[in-house]
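Keep the model at hand and try each task before reading its solution.

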Amino acid sequence: MAMNDPSVQAFSPGLAGVPAAKSKISFVDGQTGLLEYRGIRIEELAAHSSFMETTYLLLYDRLPTKAEMDRFSSDVVHHRRIKYRITDLIKCLPEHGHPMDALQAAVAALGMFYPARNVLDPEVQYWSTVRLIAKVPTIIAAYYRLQRGDEQIQPRDDLDHASNFLYMLTETVPNPMIAKALDTCLTLHAEHTMNASTFSGMVTASTLADPYTVVSSAIGTLKGPLHGGAAQEVVEMLEAIGSRENVRPYLEQKLAAKEKVMGFGHRIYKVKDPRAIILQQLARQLFARLSRHGPSPLYALAEEVERVGEELLQAKGIHANVDFYSGVLYQTMGLDTDFFPTVFAMARVSGWLAHWLEQIQDNRLFRPDQIYEGAHGRAYVPLNQRT
Ligand code: CMC
């Protein structure tokens, strides 16, 4: 391959720095740690908004009026229930399966119940968006319960999005402080420019596939440990480290073996992820209010890992990312580690759908190129002549 071949010059592994779309949904400045949804800083949204209001903002490019918010919330609340056949499908899945696989399968199946082939129809767009935002938490909670041999708990219309989700897991109305913390986690995870799962969803959207297929393909991409699976890996890493004295030897050994420290590093951020800063504050506030004994041992260990990790990695521009503290928070809320990525999915469904709506307004099929490095002109050798 000639070095002046333009395709070689344009090649960027992992498409780093290659714009895949024009978008008005969110903006990141990785040098200063700025994240905005529709032009509003994430710190403002975390402090003053709710996940449902932020979802509206992401989807429709403005904060809703009171009447618009009431209608949208009420539509979501009234579509929380899932068909008994979806419950039956979830019951048939292996009890030791990964919850993200169950979620992906059930979301793909939803599309068979609510055909949405005409993706340019505003009614199809509105109701499939409402259904997906409403039903994803119910599917996650159903798998959580059914996996344990417990009955599924039906959603409660009088509870907000986060409270209802925690209620469907435990059959107990959660402490409002915990529900509010979860709602803030959802807001922080709702959208993040052209990340891997959003790109995956957009590739699917560009074929004009229905939104259920778009979201299920994004869920599959989110599952991996380099993306939404990292929060689970962080808590498993903290459990493996076990004590403060082990932090430095553990991290040094990992880096010497050229392994990644989970919850650190980001393609875009070269400073600490602004969402990690907010999540850390949230965890501190939650422990201060809920526990007379201060932060949990796991949280204290996380802070020590961050301190030593910073020392070892900051020269390379590697700092804590959004997944570093989210797992510790989810554990405080009583969630099992393998369910952490499903909470990420429950939040990111808003961002995926915002990108879906944006993409199909001005669609062009994603069909990138490749640099072929294989052979040419080889002869076909019949089977009985091959050695
Ligand atoms: N620990 C140690 N070294 C790291 C880490 C890390 N977490 N992240 C990057 N590096 C090093 C990497 O080894 C490489 O070093 P060298 O140049 O010496 O070979 C350099 O930094 C560049 O790494 P990269 O993997 O090419 O960078 P990337 O932009 O492709 O990676 C990342 C981004 C998120 C995949 C990576 O930082 C990583 O694997 N982090 C751990 C997993 C994680 O926490 N993922 C959650 C990401 S944030 C939320 C989300 O998107 O879901």
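**Exercise 1.** Which residue in β2 does Val 28 stand opposite?

*Solution.* Keep in mind that this is a predicted model. Start with the two strands: β1 covers residues 26-29, and β2 covers residues 34-37. They pair in the antiparallel sense, over 4 bridges. Now look across from Val 28, and you find Leu 35 in β2. In the same way, Phe 27 has Glu 36 of β2 opposite.

**Exercise 2.** Sort the residues of β1 into a covered face and an uncovered one.

*Solution.* Begin with the general rule: in a regular strand, side chains alternate between the two faces of the sheet. Next, apply this to β1: Ser 26 and Val 28 make up the covered face, while Phe 27 and Asp 29 make up the uncovered one.

**Exercise 3.** Find the residue with a positive phi in the hairpin of β1 and β2.

*Solution.* Go to the 4 residues between the strands. Among them, Gly 33 takes a positive phi near 75°.

**Exercise 4.** Why is one side of β1 left without a neighbour in the sheet?

*Solution.* First, write down the strand order of this open sheet of 3 strands: β1-β2-β3, with antiparallel pairing. Then look at the edges, where β1 and β3 (40-41) stand. Each has a single partner strand, so one side of each is left without a neighbour in the sheet.

**Exercise 5.** Is Cys 92 buried or exposed, and what about Cys 185?

*Solution.* Cys 92 has a relative accessible area of 68%, so this residue is exposed. Cys 185, at 0%, is buried. To finish, count the disulfides: the structure holds 0.

How values were computed:
Residues are numbered from 1 along each chain as its sequence is written. This is a predicted model: local features need pLDDT of at least 70, side-chain atom pairs count only at pLDDT 80 or more; totals for chains, interfaces and linings use all residues. Side-chain values use heavy atoms; hydrogens and water are left out. Buried means under 20% relative accessible area, exposed over 50%, partly exposed in between (1.4 Å probe, protein chains only). Two strands pair if DSSP finds at least two bridges between them. A disulfide is a pair of cysteine sulfur atoms within 2.5 Å.
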